[in-house]
Amino acid sequence: MPELTTNGQRYLHESKAQDYFSNPRTELIDLINRNDLHILEIGCGRGDTGKVLRETGKARSLTGVELVPEHARTADSIFDKVHIGSIEQEFDWDVGTFDCVVLGDVLEHLVDPWGVLRRLRRVLADDGMVVASVPNIKHWPVIANLILHDDWKYAQDGVLDITHLRFFTRKNALRMFSDNGYAVNAIHPYFNGRRYSIPSKFTFGVFAGFLAERWLIRLKAAA
């Protein structure tokens, strides 16, 4: 296994809930609007998302990258190939290898997400897509704790996961993608329960930037 950064070592040893590495990311699967694709999933966990992608016909082939060896070995029974390690290392994939790249809450864990996106653009087909989930640092509970309690408290998961290195709002997440070779095709807020989704609905989405826990984004390769 390649040498890990300090944050990678922390990620391996943090006590995550069992479902952190499992359960299919249906919200990202729903963003993929084509079938029979060569799909690369970064942070594939135990392979639950890949399993659904194959069962629904969206995946023709599956390649994964997973930092935790034991989870990668589980995913290997579902994927065609699973690489154990960090996406920040170099891989020898050919230009245009993949029709779709899945980035489910990955970019915020990276030292250089901008460089990773540039390298992934090279291996994405010209008509390819990226589907991504990005935590929203503008989420109201985070803002409220800063304003009311002068506090920025890290946790084992969520927007302030202790292994997050980068923090995004809708605006700077979109800028990161556009600066590195992608054009936005669709973007949707993801709410952590009805206490956030219902207020957003009744305010016609005006406050989605504060109520969304994550942004779900589908992108295409820019010309």
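I began with D150, which sits in the loop between helix 6 (140-149) and helix 7, and I kept in mind throughout that this is a predicted model.

I looked up the backbone there and found that phi of D150 is near 55°, a positive value in a residue other than glycine. I noted beside this that most residues other than glycine have a negative phi. Is D150 buried or exposed? With a relative accessible area of 71%, D150 is exposed, because the cut-off for that word is over 50%.

Which residues touch the most other members of the largest nonpolar core? I listed I87, W93, L103, L120 and F177, out of the 35 residues that make up this core. Among the elements that give two or more residues to this core are strand 4 (98-104), helix 5 (113-123), strand 5 (124-135) and helix 7 (170-178). I also recorded a second, separate core of 19 residues, including I29, L31, I39 and A75. As background, I wrote that nonpolar side chains in soluble globular proteins tend to be buried together.

Last, I followed L103 by itself: setting aside its neighbours within four places in sequence, L103 is in contact with I42, L117, L120, V130, V131, A132 and S133.

Terms used:
Residues numbered from 1 in each chain as written. Predicted model: local features only at pLDDT ≥ 70, side-chain atom pairs only at ≥ 80, totals over all residues. Heavy atoms only, no water. Core = buried A, V, L, I, M, F, W, Y, C linked by side-chain atoms within 4.5 Å. Buried < 20%, exposed > 50% of the residue type's maximum accessible area, 1.4 Å probe, protein only. Helix = DSSP H or I, 4+ residues; strand = E, 2+ residues; numbered from the N terminus. Contact = heavy atoms within 4.5 Å.
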